[in-house]
Amino acid sequence: MNPHSDMKIVDSWGKNASQWTAAVREGQIESRKLVTDKAIVDAVMSHSPESVVDIGCGEGWLVRELASRGVRAVGVDAIPALIDHAKAAGGGDFLVMPYEAISHELVEAQFDVAVCNFSLLGKEVVESLFVAVPSLLKPGGVFIVQTLHPVVMNGNSPYVDGWRGGSWAGFSEEFVDPAPWYFRTVESWRTLFFDSGFALREIHEPVNPKTGKPASIIFVGESEI
Ligand SMILES: C[S@@+](CC[C@H](N)C(=O)[O-])C[C@H]1O[C@@H](n2cnc3c(N)ncnc32)[C@H](O)[C@@H]1O
């Protein structure tokens, strides 16, 4: 298997489903507790949605959080073990579905908001997902993406798009075989929205109070299709 590929990303997440579930549920990821969980919930709730699809939902924390605020949410993810954990905890409907299979027909509903919280890691499947998302949205619906901040995460690498090796630095030793990810510059994220028929309505850069640096970047696109 190509170590820098969309297929390898799903393969790696399949090996880390229980470790990831524990990390999220035990609050092991400091930046999430300090900044990014609240940032994505606020970004979604600011659109007062009745319905949300959480794409790459993992073990389902965001669906549960939105359900506690009266929002009907559906989570989808490629990894059956993560969806099993999500279903066991409840809070919404959960479907096993790789991004390449997502379409209006498959999800059988339209939503006020589609959200991806740190779940857009690959290249071609992410590009095809952007093309599919408008069909999941009601008129006026928005697509909200939280991702690693390209400037902060770039380290000493050239600031150009490309595959990067994965790392579980900062996570427990139980994690194995880190997933690669496809780095995009801020301009490339903007182009991805634009080329898929979205107008980019908002960009947020939530700051980690401990480091003083952006913990993430959040894009909010409105479909114009
Ligand atoms: C960093 S986790 C984030 C999970 C969740 N959104 C959260 O906030 O905890 C990335 C998620 O993306 C999912 N994912 C990655 N590539 C995928 C693909 N091609 N199809 C479906 N899910 C995918 C993984 O299975 C994993 O659950």
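## Overall fold and the setting of helix 5

In this predicted model, the secondary structure of the protein chain amounts to nine helices and nine strands. The radius of gyration is 16 Å, close to the 17 Å that the globule rule gives for 225 residues, so the chain is as compact as a globular protein of that length. Along the principal axes, the C-alpha atoms occupy a box of roughly 40 × 40 × 40 Å. Of the 225 residues in the chain, 39% are buried. When contacts between residues at least 6 apart in sequence are considered, 67% of them join residues at least 24 apart.

Helix 5, which spans residues 80-89, illustrates how burial is arranged on a single element. Its buried residues are L82, I83, H85 and A86. These residues lie on the same side of helix 5 because they cover an arc of only 155° around the axis. P80 and A88, on the other side of helix 5, are exposed.

The buried residues of helix 5 are covered by several elements, including two helices and two strands. These are listed below.

| Covering element | Residues |
|---|---|
| Helix 2 | 17-25 |
| Helix 4 | 61-67 |
| Strand 2 | 72-77 |
| Strand 3 | 93-96 |

After helix 5 comes G90, a residue with a positive phi, near 75°.

Note on methods. Residues are numbered from 1 along each chain as its sequence is written. This is a predicted model: local features need pLDDT of at least 70, side-chain atom pairs count only at pLDDT 80 or more; totals for chains, interfaces and linings use all residues. A residue is buried if 20 or more other C-beta atoms lie within 10 Å of its own, exposed if 12 or fewer, and partly exposed in between; C-beta atoms are placed from the backbone. Helices (H or I, at least four residues) and strands (E, at least two) are DSSP runs, numbered from the N terminus. The arc is that of the directions from the helix axis to the C-beta atoms. Two residues are in contact if their C-beta atoms, placed from the backbone, lie within 7 Å. The radius of gyration is taken over C-alpha atoms; the globule rule is 2.2 Å times the number of residues to the power 0.38.
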